[in-house]
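This report describes how two chains meet and how some of their parts are held together. Please look at the sequence and the model before reading on.

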Number of protein chains: 2
Amino acid sequence: MSPNRQSPDDDVKRIRIFDTTLRDGEQAPGCTMTLSEKLDVAHQLTRLGVDVIEAGYPAASPGDAESVKAVAEEVGGAGGPTICGLARATEHDVRTCAASVGPAARNRIHIFLATSDIHLKHKLRCSRDEVLARGRDAVTLASSLVHEVEFSPEDAARTDPEYLLDVLAAVIECGATTLNIPDTVGFTTPWEYENTIRRVVELAAKHPGVLVSTHCHDDLGLAVANTLAGIRAGARQVEVTLNGIGERAGNASLEEVVMALHTRAELFDGAHTRIDTTQLTRASRLLQQCTGTYVAPNKAIVGANAFSHEAGIHQDGVLKHRATYEIMTPESVGADGSMLVLGKHSGRHALRQRLADMGHELDDDRFLEVFARFKELCDRKKVVDDRDIAALATAAHDHAPARWSLVQLQVASGTHLIPTSTVKIRAADGTSTVGSGTGDGPVDASCRAIDAVVGEIAELQGFTTRSVSEGTGALAEVTVRVKDFLTGRTFVGHGTNPDVVTASAEAYLDGVNRVLGARDAAQAAADAAESQMQYTFDSTKPARVSA
Amino acid sequence: MSPNRQSPDDDVKRIRIFDTTLRDGEQAPGCTMTLSEKLDVAHQLTRLGVDVIEAGYPAASPGDAESVKAVAEEVGGAGGPTICGLARATEHDVRTCAASVGPAARNRIHIFLATSDIHLKHKLRCSRDEVLARGRDAVTLASSLVHEVEFSPEDAARTDPEYLLDVLAAVIECGATTLNIPDTVGFTTPWEYENTIRRVVELAAKHPGVLVSTHCHDDLGLAVANTLAGIRAGARQVEVTLNGIGERAGNASLEEVVMALHTRAELFDGAHTRIDTTQLTRASRLLQQCTGTYVAPNKAIVGANAFSHEAGIHQDGVLKHRATYEIMTPESVGADGSMLVLGKHSGRHALRQRLADMGHELDDDRFLEVFARFKELCDRKKVVDDRDIAALATAAHDHAPARWSLVQLQVASGTHLIPTSTVKIRAADGTSTVGSGTGDGPVDASCRAIDAVVGEIAELQGFTTRSVSEGTGALAEVTVRVKDFLTGRTFVGHGTNPDVVTASAEAYLDGVNRVLGARDAAQAAADAAESQMQYTFDSTKPARVSA
């Protein structure tokens, strides 16, 4: 494939939304997702109408490479979003990335390279000239392999401005079509960032088809303001994540940036996006369910209270004239709380249709599992709403090949009893084993009972529960974090059940299955490596990174 | 008391921190606090070093008036923060407020009055001249009653700029010493707000001792940036809340504004605060525990991940040179995770000292309860850390006179059992009653068992659990939201126990006690009203508001 400049876009006021939820977001502690969850998120991002999906960092691990490829195959068809992967400025990273994004109708490699003196000195340990040469080589190679090349000078905010422009001019020559200016450490402010972006926009303006992009972190609470400052300065791509997830304090939040532009277009010279804003609430909820990482009630746009008007005078004002206190409507972001009026007489077709509307594309096995649980739930609740449906769908994600599954659980506990749990667990070969255990409470006792059957594989590190909807009969959604005793890696397990103890046992067993699945995958990769010399151009060990 | 201009402050670059966590924050859904919780927060705000505590809106209810007065008495001594209360521009509100803040060594009335045409037309239904006269009258009266008067033109961002300046000039004449410019609906941006504030600062500059203040809401994710823009324009007071809580998407977050100033002082012409930043993490956690409203892990400054460096390359960089990725240290905000190395051999003095350091001032009864639970916990965990201690202290808050307390609980549940719970509950008169119930799970069954004893008083609406610290033996902290069947009001109940089902039963019973306590208080207020004609200057019913 030859270098291929981005096709000129007639609409110079359109802001491209580059979503990095699956890359920068997924790196955050506790936000790890399974392949199936990543695909669900990718489908919802496509429904939102994002322009670019950064699906991962293929060189980080075979699993990352595989999931980027799966996203490219699943949503990267003609008319779909551009599929992008991250790569360091090395031949190995660039080639690995190109292979992963290959299946997409439109693909991109995002190359990052630190340019600030502090990074050069302490991390890369090389000179400015050496960095420049590495950038040229990597971009030249990438341009020959994919449709679009994006270049990020890491820690741009702390890079000498003159040197920054030299590096950018060099990579444009080599075929870069997007120049992304990350504020890696979340240090900048709107007043500085606007100037930084303006200088880069002046450079890019000399090269038709080259766009400037923002990438802001929220360490000082300024990520959204900085992103908007970048747009005012002429940036035409913004890198964002759903719910603002990401390293440390996270990235600029997609929903806040989009709704600020939508609500205050006049301040941004008419800048606008192609986002279907009515999909924002669903996208946010889907991600919360996949990661078990919930937004605060006062999170802008997508928090539970974002559109509530508690104060008496506010309610009075809203009743008299909505615009008195409302600058956006809940409907405009899909938060109108439309409830599924499905009950026990609803059929498979109605449920399947609703799941599809909500962004859950399930295969037949998963759908049948959800349908069975839906029927059970209808026996308890008169009205099953979207939140229940979403929780059931997320719980039904195939958790790698499940080694163990819970057949039966019984628990006795109380203030004057020693909490005791008995479980029956089925192995993959169909045989069942009974085990029991005691603990500080019924959940602890159930985890010990599971350990008695499967062995002590992982340590329970965190435990979060919430009820999915209100009232009696509501589902409890439990997320646990477990740490593999062997490798030290952390995994998230989910369980959903009206009984919080059963949901917890399911979540713990799910976590155990994920630990075992990862061990199997690592073993398979090691076996493959033995039978084949691995080609490495750069000796540095690939590692997860954040541009 | 005669009008009393703010004493001139030599330090023209000092930013006054006006904390409205207890007023604007406490109004948010789910953030209601008991008097005892409010006092704990007030003590921690004092330890943080805020300049002004807005403690509530006295005219809203007798309970609000009482809690503002209690804060004034408890932390408003000489050298303590100024204690402020909110008031509408009516004689009744102003006099009620003056009585409540009276006990403080330095006190303030914060008068708000809508000035935008949309509010005048749809809410106040009066003319610009009428509004101007109301503002003058209220400020004149307030100046005669307290040390400082603050005036807020509500919805200032949408008010005609000329009219805004006319109103402000008029209230300065009548004795207002702080002019607060709220962006009530969260609509403004740094680029507009900086200009708005600059015009007001020009006006204030003609009147020595008059300061300009910001008050920003986060509906578009811009509250912190707008606040900082105000400081750049010359504002010398900022209205903020811990964790950014407040109506809808909340207010500008105290910790983000303070740390942005602290980290980037050079961009704000040396503007600085008197805040002890090492108290920020504790303040944030205390508020989360009091309200059961938790911040997201990626919340800037105080989120669980705010200082984590997950990515391999980041960890590498941090190890090589901290400044590579860290713009603030965890120590600077008190997030160094200093663990209390207290175990079962630690005595009362050590625990009491630690509690005091952490901001929990407990009376003897509450302390003894915490100490007993601490000893129990030490039997389960080798090391009890600050998070456990804080959870125990918060759980020990006196929840109004407890009508009912849990003596014993036993539960049987499982996948093939009908969850069944039996409780023994003691009434205030010392008699105990046993009840049992069944439900969808052990928590539901326990709530039904409690109902069997106390009657069906409230509906369980929400349920959140998290483990306070890691590993086995960790405490489960349960927050429930219950709705009074009689009045429709919602209350929050807390429970903390290593057993999640016991913690849930405690939380539900706590919620029930709060419902009953509120009914008693309402009855007492109604009785008092009957025996005494109530003086009202303005016929409008007082209601909770947000400036």
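Which side chain meets that of Asp219(A) in a salt bridge? The partner is Arg248(A), with 2.8 Å from N to O. The model is a predicted one. Over all chains, the whole structure has 56 salt bridges.

**The interface**

Trp191(B), Leu220(B) and Arg248(B) supply 9% of what chain B buries against chain A, more than any other three residues.

Two salt bridges cross between chain B and chain A. Glu192(B) and Arg264(A) meet in a salt bridge with an N to O distance of 2.5 Å. Side chains of opposite charge can pair when their charged atoms come close. Between the two chains, 13 residue pairs are in polar contact.

| Salt bridge | N to O distance |
|---|---|
| Asp219(A) and Arg248(A) | 2.8 Å |
| Glu192(B) and Arg264(A) | 2.5 Å |

**Aromatic pairs**

Seven aromatic pairs are found over all chains. In one of them, Trp191(A) and Phe268(B) are edge-to-face, with 6.0 Å from centre to centre and 85° between the planes. This pair joins two chains, because Trp191(A) belongs to helix α8 (residues 190-204) of chain A while Phe268(B) is in the loop between α10 (254-263) and α11 (280-291) of chain B.

**Strands**

How do strand β9 of chain A and strand β9 of chain B run, parallel or antiparallel? The two strands, residues 404-414 in each chain, are antiparallel and are joined by five bridges. Ala412(A) has Ala412(B) in β9(B) opposite it.

Within chain B, strands β10 (residues 420-427) and β11 (residues 432-438) also pair in the antiparallel sense, over seven bridges. Val423(B) has Gly435(B) in β11(B) as its bridge partner. The strands β10(B) and β11(B) form a hairpin with four residues between them. In the turn, Gly430(B) has a positive phi of about 95°.

Note on methods:
Residues are numbered from 1 along each chain as its sequence is written. Chains are lettered from A and ligands numbered from 1 in the order in which they are written. This is a predicted model: local features need pLDDT of at least 70, side-chain atom pairs count only at pLDDT 80 or more; totals for chains, interfaces and linings use all residues. Side-chain values use heavy atoms; hydrogens and water are left out. Buried area is the accessible area (1.4 Å probe) that two parts lose on being put together, summed over both. A salt bridge is a side-chain nitrogen of Lys or Arg within 4 Å of a carboxyl oxygen of Asp or Glu. A polar contact is a pair of N or O atoms within 3.5 Å; within protein, one must be able to donate a hydrogen and the other to accept it, and residues adjacent in sequence count only if both atoms are side-chain atoms. Two strands pair if DSSP finds at least two bridges between them. Rings of Phe, Tyr and Trp (its six-membered ring) pair if their centres lie within 6.5 Å; planes under 30 degrees apart count as stacked, over 60 as edge-to-face and the rest as tilted.
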